[in-house]
Amino acid sequence: MVKERNEVTLLDEGYRKQKIREWYVEYSDAIFRYIVLMIGDREQAKDLTHDTFLKAFHRLEGFQGETSEKNWLYRIARNTTIDFIRKKKPLYYVAEMFTGVSGATPEDLVEAGEEERLVYHAMSRLKRSYREVLLLRKIKGLSIRETTDVLGWKESKVKTTLSRALQAMKVQLEKEGYHRE
């Protein structure tokens, strides 16, 4: 990995394009789904996914290999999405959060199933840090270490936030009438 890391600083554009293409094929679907779950807008998530890989292309020389490629891309996706959210009008974003998934067709909602729709809706009502840690740990299946890499948090914060997020999710699901037997 050290040899490759040193070679990365001397990358030509062709090599960078090839590397990003490989990563795009391998990770773009997961990155897209992560962003959709963060913002609830499929069309905007497509744009932000492309922005993520464009930023990765331009920052490839800075990739030190201290984390996995996947985690590095998730971190870029997270930061890109947060920047997008901050630029939107805050009231619009809050209103959008409470109305559910924007950009989803009725067929998408039916296909997702009632249980998944309820879970997604409840999750959309949680604060951002709770949603992020739930997405990464429980939906994407990242380890605690991988989650700390993506979020830039300490392990203790990931564990504490996950615990609180699970409790908040349970309360929110109960509020919405979802009771699992």
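Tutor: Start with a term. A helix axis here is a line fitted to C-alpha atoms over the stretch in contact, and angles run from 0 to 180 degrees between N-to-C directions. This is a predicted model. Now take helix 2 (residues 13-39) and helix 3 (residues 42-59). Their axes come within 8 Å and cross at roughly 145°. The crossing is right-handed. The residues of this contact divide into 14 nonpolar, 5 polar and 5 charged.

Confidence comes next. The chain averages a pLDDT of 80, and 76% of the residues score at least 70. Helix 3 has the highest mean, at 94, while helix 5 (residues 90-98) has the lowest, at 42. Over residues 89-102 the pLDDT is below 50, and this stretch has 18 contacts in the model beyond near neighbours in sequence.

Now the rings. The count comes to 5 aromatic pairs. In one of them, the ring centres of Trp 23 and Trp 72 are 5.8 Å apart; the planes stand at 70°, over the 60 degrees cut-off, so the pair is edge-to-face. Trp 23 is in helix 2 and Trp 72 in helix 4 (residues 69-87), 49 residues apart. Trp 23 counts as buried because its relative accessibility is 2%, under the 20% limit. Trp 72 is buried too, at 13%.

Tyr 34 and Tyr 74 form another edge-to-face pair, 5.2 Å centre to centre with 85° between the planes. Tyr 34 lies in helix 2 and Tyr 74 in helix 4, so this pair ties together parts 40 residues apart in sequence. Both tyrosines are buried. Finally, ring pairs link Trp 23, Phe 63 and Trp 72 into a cluster.

How values were computed: Residues are numbered from 1 along each chain as its sequence is written. This is a predicted model: local features need pLDDT of at least 70, side-chain atom pairs count only at pLDDT 80 or more; totals for chains, interfaces and linings use all residues. Side-chain values use heavy atoms; hydrogens and water are left out. Helices (H or I, at least four residues) and strands (E, at least two) are DSSP runs, numbered from the N terminus. A crossing is left-handed if the near helix is turned anticlockwise from the far one by less than a right angle, and right-handed if clockwise. Ala, Val, Leu, Ile, Met, Phe, Trp, Tyr, Cys and Pro count as nonpolar, Asp, Glu, Lys and Arg as charged, and the others, Gly among them, as polar. pLDDT is the predictor's confidence in each residue, from 0 to 100. Contact means heavy atoms within 4.5 Å. Rings of Phe, Tyr and Trp (its six-membered ring) pair if their centres lie within 6.5 Å; planes under 30 degrees apart count as stacked, over 60 as edge-to-face and the rest as tilted. Buried means under 20% relative accessible area, exposed over 50%, partly exposed in between (1.4 Å probe, protein chains only).
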